[in-house]
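Visitor: Could you walk me through this one? I'd like to ask as we go.
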Amino acid sequence: MTVQTDVGRSAIQHARWHMGEIVFWLVVLVCAFVFPSRYLIMTDIVRLALFALSLDLILGYAGIVSLGHAAFFGVGAYGAGLLALHGLITEPVIALVVAGMAAMVLGFLTSFLVIRGADLTRLMVTLGIALLLEALAERYSNITGGTDGLQGIEMQPILGLFAFDMFGKTGFFYSLIVLFLLFLLARRIVHSPFGLSLRAIRNNPLRAAAIGIPVNKRLIAIYTVAAFYAGIAGALFTQTTALASLDVFAFERSADLMLVLVIGGTGYLYGGLIGAVVFRMLQELFSTITPQYWQFWIGLVLVVIVLVGRARLHRWVLWLPNLVIAQLGGRKDAVVVPEGDA
Amino acid sequence: MTSVLTNLFDGVAYGMLLFVLACGLAVTLGLMNFVNLAHGAFAMAGGYVCAVLVNRSGWPFFAGLPLAFISAALIGALLERLLYRHLYTRSHLDQVLFSVGLVFMSVAAVDYIMGSSRVFINIPSVLEGQFDVFGVGIGRYRLMIIVICGVLTALLQLILARTRFGSRLRAAVDDPRAASGLGINVPQVFAFTFAFGCGLAGLGGALSAEILGLDPYFPLKFMIYFLIVVTVGGSSSITGPFLASLLLGIADVAGKYYVPKMGPFVIYTVMIVILIWRPNGLFGRVAAR
């Protein structure tokens with residue numbers, strides 16, 4: 001009984017909003033007003049953050065390694081693009097949700113394929129699904145516009161009130177609000193008993209099954225939710241750039257996404273958000289140094305991260321904040337290392 | 001009818017080539033359980049070495065091929081000793097990240113050094129064109145590929161099954177602890193095998209410049225093909241990957257010929273179906289490692 005209450009108490013404690021989290025979102029909000037000339041790249045970061053959040057749900061919490069997460073991003077992107085292009089649903093928010101739903105349906109259907117087999121099979125199946133969709137999009141170029149992409153997308157004002165402007169201000173705040181709402185939802189999910197059972201599955205599927213967790217059902221559920229998130233990220237991409245082309249399905253997109261998440265750290269939700277900021281900064285930095293060959297340095301960063309070890313790297317990064325917090329608050333390890341990477 | 005046979009012939013040549021390219025991966029991924037997505041990078045290295053030697057330094061084509069093998073094997077051995085061996089025991093996620101990083105680096109590096117356009121290797125005039133056997137068009141270059149790859153496959157099978165090194169490798173793969181207890185230097189066996197696999201990939205890369213096309217994006221474009229060969233073929237013997245690559249080669253050529261627009265679609269669908277149906281590969285053993 002005592003163990004149970006202990007576990008319950010620590011779970012509740014973890015679920016509470018910490019000082020650091022509130023500060024994080026305040027900083028984000030301040031950034032939105034301090035850099036008014038940077039809306040385009042900040043929108044990009046927000047989109048990427050949402051996409052990474054989606055991968056974190058399945059990789060960080062459920063331990064599913066996916067190499068084809070761009071599949072859902074692409075479905076969301078094309079969904080939103082087609083809806084707007086043919087004037088089926090002109091209101092962006094509803095179109096966003098519908099496009100997300102489309103990705104969600106695909107996620108639900110493919111989840112049955114993904115939960116079978118071990119890591120390697122999962123890698124291959126997720127990669128295969130993304131490639132399959134890319135091939136399909138290329139095949140039916142009369143619908144998708146082929147390599148040129150969907151052209152002439154015109155977005156209607158959000159809720160009929162806020163028109164998308166040239167500088168991307170509306171687009172940025174729109175994306176940021178979507179990210180924040182979905183983040184709240186994700187936070188609720190991962191701190192619920194459902195989320196805790198996912199962590200149990202990630203740490204040991206056999207043991208989780210033995211204590212009565214329906215492993216496959218839980219994995220299907222979280223995979224479906226993650227697909228919804230990725231679809232929303234894709235739809236945001238189309239809506240804020242008025243563009244959708246074949247490269248939304250590209251392997252590089254899925255691979256970059258992994259790097260984003262790994263930079264930020266898996267399994268504590270903020271990893272994707274921090275990773276997105278750092279990744280985009282790195283990319284900007286590298287492309288100003290070598291416009292054509294920035295991929296080399298991105299690759300080097302990946303290799304170094306893996307060789308140094310992800311857990312060790314995060315300890316180094318968190319050493320200073322922890323020291324400061326320990327000195328000020330007299331507590332130990334206020335900012336914790338994300339527990340057990342996938 | 002004759003076009004069917006010609007396609008079959010081309011498919012077999014393509015499949016043989018895929019086997020030589022991918023059989024190194026069959027060992028690292030299938031036997032050592034290391035997810036190496038960067039295998040194509042070694043093939044590309046071999047291909048470019050051969051291209052530089054033949055086109056710029058004027059070496060004969062048949063002298064460039066062994067050099068492609070040796071250089072790719074050396075690069076493989078170097079990387080294995082420096083980097084790869086630290087990652088054998090890591091999670092699959094780490095291995096994926098690491099090898100994707102290597103792919104990105106190799107793509108950008110080759111783009112920087114050699115330029116981004118497709119590279120052709122000057123092949124001797126003996127190998128150009130095709131001749132007819134009972135009305136079936138046989139490409140000389142493809143015939144050479146079939147001969148070379150066929151001989152290599154037979155050699156590999158012999159080495160694995162009959163030599164002392166082959167039995168050491170099989171022992172090291174089946175149970176590394178017991179094997180090292182018997183005095184087998186397991187890391188050395190793995191390093192040698194890894195380098196040899198990279199060498200074969202390099203040779204395959206040099207041979208494939210004519211058929212698959214050689215450009216800096218080679219590792220990304222064909223990564224999925226190598227993975228298909230290994231995962232569909234299974235890892236119990238080299239027969240599995242061999243049959244899988246023949247199937248893949250024939251299916252791909254036929255797909256491109258008869259249903260030009262649905263080609264890749266068919267391949268990926270078949271791959272997913274097979275993986276769902278038999279997660280350990282078509283010819284894999286049932287026991288999961």
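Visitor: Before anything else, what kind of model is it, and how is it numbered?
Guide: This is a predicted model, in which local features need pLDDT of at least 70 and side-chain atom pairs count only at pLDDT 80 or more, while totals for chains, interfaces and linings use all residues. Residues are numbered from 1 along each chain as its sequence is written, and chains are lettered from A and ligands numbered from 1 in the order in which they are written.

Visitor: OK, helices then. At what angle do helix 2 and helix 3 of chain B cross?
Guide: Helix 2 (residues 39-56) and helix 3 (residues 61-82) of chain B cross at roughly 140 degrees, and their axes come within 8 Å. Helices (H or I, at least four residues) and strands (E, at least two) are DSSP runs numbered from the N terminus, and the axes are lines fitted to C-alpha atoms, for helices over the stretch in contact, with angles running from 0 to 180 degrees between N-to-C directions. That angle makes helix 2 of chain B oblique to helix 3 of chain B, given that under 35 degrees counts as roughly parallel, over 145 as roughly antiparallel, 65 to 115 as roughly perpendicular and the rest as oblique.

Visitor: Which hand is the crossing, and which residues of helix 2 of chain B meet helix 3 of chain B?
Guide: The crossing of helix 2 of chain B with helix 3 of chain B is right-handed; the term applies if the near helix is turned clockwise from the far one by less than a right angle, and left-handed if anticlockwise. From helix 2 of chain B, the residues B:F42, B:A45, B:G46, B:G47, B:V49, B:C50, B:L53 and B:V54 meet residues of helix 3 of chain B, including B:F61, B:G64 and B:I75, where contact requires C-beta atoms, placed from the backbone, to lie within 7 Å. By class this contact has 13 nonpolar, five polar and no charged residues, with Ala, Val, Leu, Ile, Met, Phe, Trp, Tyr, Cys and Pro counted as nonpolar, Asp, Glu, Lys and Arg as charged, and the others, Gly among them, as polar.

Visitor: And how do helix 1 and helix 8 of chain B pack?
Guide: Helix 1 (residues 2-31) and helix 8 (residues 186-208) of chain B have their axes 8 Å apart at an angle of about 160 degrees, and they are therefore roughly antiparallel to each other. Their crossing is left-handed, and the residues of helix 1 of chain B that meet helix 8 of chain B include B:L17, B:V20 and B:T28. The contact of helix 1 of chain B with helix 8 of chain B divides into twelve nonpolar, seven polar and no charged residues.

Visitor: How many residues of chain B are in contact with chain A?
Guide: There are 35 residues of chain B in contact with 35 residues of chain A. On the chain B side, helix 4 (92-114), helix 9 (218-233) and helix 11 (263-277) each supply at least two residues, and helix 4 of chain B gives the most, with 16 residues. The chain B side divides into 27 nonpolar, five polar and three charged residues.

Visitor: Where's the hairpin?
Guide: Strand 1 (residues 130-133) and strand 2 (residues 136-139) of chain B pair in the antiparallel sense over four bridges, a pair needing at least two DSSP bridges. B:V133 has B:V136 as its bridge partner, and B:F134 in this hairpin, which has two residues between the strands, takes a positive phi near 50 degrees.

Visitor: Is A:L269 buried or exposed?
Guide: A:L269 counts as buried because it has 23 C-beta neighbours inside 10 Å; the cut-offs are 20 or more other C-beta atoms within 10 Å for buried, 12 or fewer for exposed, and partly exposed in between, with C-beta atoms placed from the backbone. A:L269 has a positive phi of about 70 degrees although it is not a glycine.

Technical notes. Two residues are in contact if their C-beta atoms, placed from the backbone, lie within 7 Å.
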